[in-house]
Amino acid sequence: MHARLCRLAPVALLGAAMVLVPALARTEPKAPSEEENADVAFAASFVGKNYDGDLDIEGWSDLGGGLIAAPIFIHQYQREDGTYLVLTSRQLAKESKDTPANYEVADALIVPPPQAGVEFTISCVQGKDEMLRFIGEAKGPESKEWWTEVRRAWEIALDTGKISSAKTKGVRCTNVSWGQ
């Protein structure tokens, strides 16, 4: 009897799997909320916008930014609820003594607040390349300047300023609290 049960067990497991797989395949991915859709549309509304000097956005705190590689710049903002907005811009005209620099927004990224213990930063690199052209959500010990436990990453194209999802392998991000 025991031998017969051992032979039937794989058949029973296969039958159960065949019943469950179609049910799992039918489950839809969670649709973005109305607020998430509104945030994405808000961020996208900046693409192509031309501005001089600094770009102040009502309801968002300016967390700073800087040059990635000429002529591409990055700028980070945060809303009171912890959501981040990142804009990349192409410098069209340099600052002169009479006029501020002129920019055009190349791309925008909206990122919801990260999980507890995870930090969002626009200061990430990959491999031996020390150019800060990656954005990430990372965590690590407060005693380390660079964190290698990167949960999500995005790459900025140096020629266009476009932001795209990137694999996290080899990406390391600065500890946002380092040196404070």
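A residue counts as buried under 20% relative accessible area, as exposed over 50%, and as partly exposed in between. Arg152 has a relative accessibility of 36%, so Arg152 is partly exposed. Keep in mind that this is a predicted model.

Arg152 has a charged partner. Arg152 forms a salt bridge with Glu137, and their closest N and O atoms are 3.1 Å apart. Glu137 sits in strand S7 (residues 129–139) and Arg152 in strand S9 (residues 149–156), so this pair ties together parts 15 residues apart in sequence. Glu137 is buried, at 8% relative accessible area. Arg151 forms a salt bridge with Glu149, again with the closest N and O atoms 3.1 Å apart. Arg151 is partly exposed at 36%. Glu149 is partly exposed as well, at 39%.

A search of the whole structure finds eight salt bridges. One of them joins Asp39 to Arg79, with the closest N and O atoms 2.9 Å apart. Asp39 belongs to helix H2 and Arg79 to strand S3, and the two are 40 residues apart. Both Asp39 and Arg79 are buried. Together with Asp81, they are linked in a network of salt bridges.

Now turn to the sheet. Five strands form an open sheet in the order S1-S5-S4-S3-S2, with antiparallel pairing. Strands S1 (50–52) and S2 (60–69) stand at the edges with a single partner strand each, so one side of each has no neighbour in the sheet. On average, neighbouring strands are turned by 35° against each other, direction ignored. Helix H2 (residues 34–44) lies across S2, S3, S4 (84–93) and S5 (102–111), and runs at about 165° to S5.

Gly64 has Gln76, in S3, as its bridge partner. Strand S3 spans residues 72–79. Gln76 has a relative accessibility of 8%, so Gln76 is buried. Beyond its neighbours within four places in sequence, Gln76 contacts residues including Ser61, Gly64, Tyr84, Phe120 and Ile122.

One covalent link remains. How many disulfides does a search of the whole structure find? It finds one. Cys124 and Cys173 form this disulfide, with their sulfur atoms 2.1 Å apart. Cys124 lies in strand S6 (residues 119–126) and Cys173 in strand S11 (residues 171–174), so the pair ties together parts 49 residues apart in sequence. The torsion about the S-S bond is about 105°, so the disulfide is right-handed. Both Cys124 and Cys173 are buried.

Notes:
Residues numbered from 1 in each chain as written. Predicted model: local features only at pLDDT ≥ 70, side-chain atom pairs only at ≥ 80, totals over all residues. Heavy atoms only, no water. Disulfide = S-S within 2.5 Å. Helix = DSSP H or I, 4+ residues; strand = E, 2+ residues; numbered from the N terminus. Buried < 20%, exposed > 50% of the residue type's maximum accessible area, 1.4 Å probe, protein only. Contact = heavy atoms within 4.5 Å. Pairing = 2+ DSSP bridges. Axes fitted to C-alpha atoms, helices over the stretch in contact; angles between N-to-C directions. Salt bridge = Lys/Arg side-chain N within 4 Å of Asp/Glu carboxyl O.
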